[in-house]
Amino acid sequence: MTASHLLVLATGGTIAGRAGSATARSYLPGQIDIAELLARVAPLVPGCTLRGRQLAAIGSEDITTALWRLLWEGCTAAMDDPLVDGVIITHGTDTAEETAMLLDLTLPTTKPVVLVGAMRPSDAVGSDGLRNFVNAVQVAGDAAAAGRGVLLVMGDKVLAARDARKARTSSLDAFRGYPRDGVALVTPHSLDWFGAPWAVDRPARYGFPERFPRVPVLYAHAQMDAAAVTALARDAAGVVLAGVGEGNAPQDVRRCLAGLARAGVVVVRSSRVDEGAVERDERDEADGFVAARTLGPAKARIVLQVLLASGVRDPAGVQRAFDAC
Ligand code: SIN
C-alpha cells in the first residue's frame with residue numbers, strides 16, 4: 001500500500017451503522033462517527049494518513065442538496081490542497097450511484113475521489129465495512145486512480161460512477177456495473193486496473209447546480225394511464241421515463257409526454273429494465289425526446305438536472321450530452 005494522505009468525508013450509511021447485536025435483523029445507519037471509524041481502519045493501513053470530517057450521519061435515502069454541495073465543496077478544496085492525495089466519501093449504498101454521478105459530472109479528475117459503503121452494519125457478523133474501507137484506501141491512495149472520474153468501491157470491485165448501480169437489496173455483491181462491470185479489482189493487499197485511465201486531467205464538465213430543477217421519474221407499467229404523467233409532471237422542468245423494455249410506454253402516456261416536450265419540458269426515455277441501452281429513434285426525433293442510452297433512470301435524472309441547471313435544454317443538446325456521458 002502506497003503512503004498517502006487522504007481526506008475522508010463521512011456522511012453515515014450502513015458502513016457507520018450499528019445493530020446492537022451481531023445477528024439482529026434491523027439496525028440504524030450513521031451511528032459510528034468518523035473518528036471511531038478511522039481508529040479502526042488506521043492500524044490496517046500503515047503509512048497512510050487519514051483525516052476525517054463528519055459532514056452528516058444519515059441513511060442515504062435522506063441525502064439532500066445541501067449535503068451534496070458540502071461534498072462537492074470538500075472535494076473541490078481537496079483538489080487544490082497539496083497535502084491531500086485523494087478523497088474517500090463514506091456513503092450509504094442506497095443512493096451512492098446518484099451522488100457518484102453528480103460528483104463525476106461536476107469535479108475535475110485531478111485526484112482520486114472514491115465512494116465507499118457497506119451492506120452490513122459494523123457490528124454484524126461478517127460485516128463488510130472495514131474491508132471495503134481498506135480497499136477504498138488502496139484505491140484513493142493510488143495515483144493511477146486519477147483520470148477515471150469518481151469511483152465506487154464495494155466488495156472488492158471498483159466501479160466507475162457512470163456504470164455503477166445497486167442491483168441487489170441486501171447481498172454483499174449488491175453493486176454491478178453496466179456497460180463495464182468494474183474497472184479494477186481490489187483487495188486489502190492488491191489492486192489491479194483493467195486498462196488505462198480514460199479521462200486524464202479532465203476539468204469539471206459542468207458547474208455544481210445553484211439549484212436543482214424538478215425532474216420526476218415516471219415509472220411505466222402495464223395498465224398505466226396518462227393521468228399519472230399529468231400529476232407527476234406538474235411544474236417539472238424535465239421528466240425521466242423509466243419505460244418498459246427499451247424505454248417504451250403505453251400510447252396515451254407517450255402522447256402526453258410528447259405534449260410536455262412541445263411545451264418545453266425535456267423528456268428523457270430510459271428503461272426500468274436493469275441492464276441494456278435505450279437508443280434514440282425516429283419517433284424520438286418526431287416527439288422531441290432524448291434517449292438515456294445506458295444510464296438507468298436514477299442517474300439519467302441527475303444528468304438531466306445538471307444539464308438543465310447549466311442551461312442545456314434543447315433536445316439535440318441534451319442528447320449530445322447524454323451521448324458523451
Ligand atoms: C443507506 O443507504 O444509508 C442505507 C443502506 C446502506 O448503506 O447500505
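This briefing covers the pockets, the cavities and some strands and helices of the structure above.

The model is predicted: local features need pLDDT of at least 70 and side-chain atom pairs count only at pLDDT 80 or more, while totals for chains, interfaces and linings use all residues. Residues are numbered from 1 along each chain as its sequence is written, and side-chain values use heavy atoms, with hydrogens and water left out.

**Pockets**

- The largest pocket has a volume of about 440 Å³. A pocket is an open set of points on a 1 Å grid over the protein atoms alone, with protein on both sides within 12 Å along at least five of seven lines. Grid points are joined across faces, edges and corners, and a volume is the space filled by probe spheres set on the points.
- Its lining has 25 residues, and Thr14, Tyr27, Met119, Pro121 and Thr169 lie nearest the centre; lining residues have an atom within 4 Å of a point.
- By class, this lining of the largest pocket holds 9 nonpolar, 11 polar and 5 charged residues. Ala, Val, Leu, Ile, Met, Phe, Trp, Tyr, Cys and Pro count as nonpolar, Asp, Glu, Lys and Arg as charged, and the others, Gly among them, as polar.
- The second largest pocket contains about 370 Å³ of space. It is lined by 24 residues, and those closest to its centre are Arg165, Val273, Asp274, Gly296 and Pro297.
- The lining of the second largest pocket divides into 8 nonpolar, 6 polar and 10 charged residues.
- Because domain 1 (4-193) and domain 2 (217-324) both give residues to this lining, the second largest pocket lies between them; the domain bounds come from an automatic or database domain assignment.

**Cavities**

- There are 2 cavities of 30 Å³ or more in the structure. A cavity is a set of grid points where a 1.4 Å probe fits but cannot get out.
- The largest cavity has a volume of about 60 Å³. Of its 16 lining residues, Pro108, Thr109, Lys111, Gly149 and Val150 are the closest to its centre.
- The second largest cavity holds about 30 Å³ of space, and its lining consists of Leu241, Gly247, Ala249, Arg254, Leu257, Arg269 and Phe289.

- Arginine 254 lies in helix α6 (residues 251-262); helices (H or I, at least four residues) and strands (E, at least two) are DSSP runs, numbered from the N terminus.
- At 8% relative accessibility, arginine 254 counts as buried. Buried means under 20% relative accessible area, with a 1.4 Å probe and protein chains only.
- Arginine 254 touches Ala249, Arg269, Arg283, Asp284, Asp287 and Phe289, not counting residues up to four places away in sequence; contact means heavy atoms within 4.5 Å.
- An open sheet with parallel pairing is formed by 4 strands in the order β11-β12-β13-β14. Two strands pair if DSSP finds at least two bridges between them.
- In this sheet, strand β12 (residues 238-243) pairs with β13 over 6 bridges, and leucine 241 stands opposite arginine 269 in β13.

- Strand β5 (residues 151-154) pairs with β6 in the antiparallel sense over 4 bridges, with leucine 152 opposite leucine 159.
- β6 also pairs with strand β9 (residues 184-187), antiparallel over 2 bridges, and lysine 157 faces leucine 185 there.
- Helix α3 (residues 96-106) is mostly covered, with 11 of its 11 residues buried.

How values were computed:
Buried means under 20% relative accessible area, exposed over 50%, partly exposed in between (1.4 Å probe, protein chains only).
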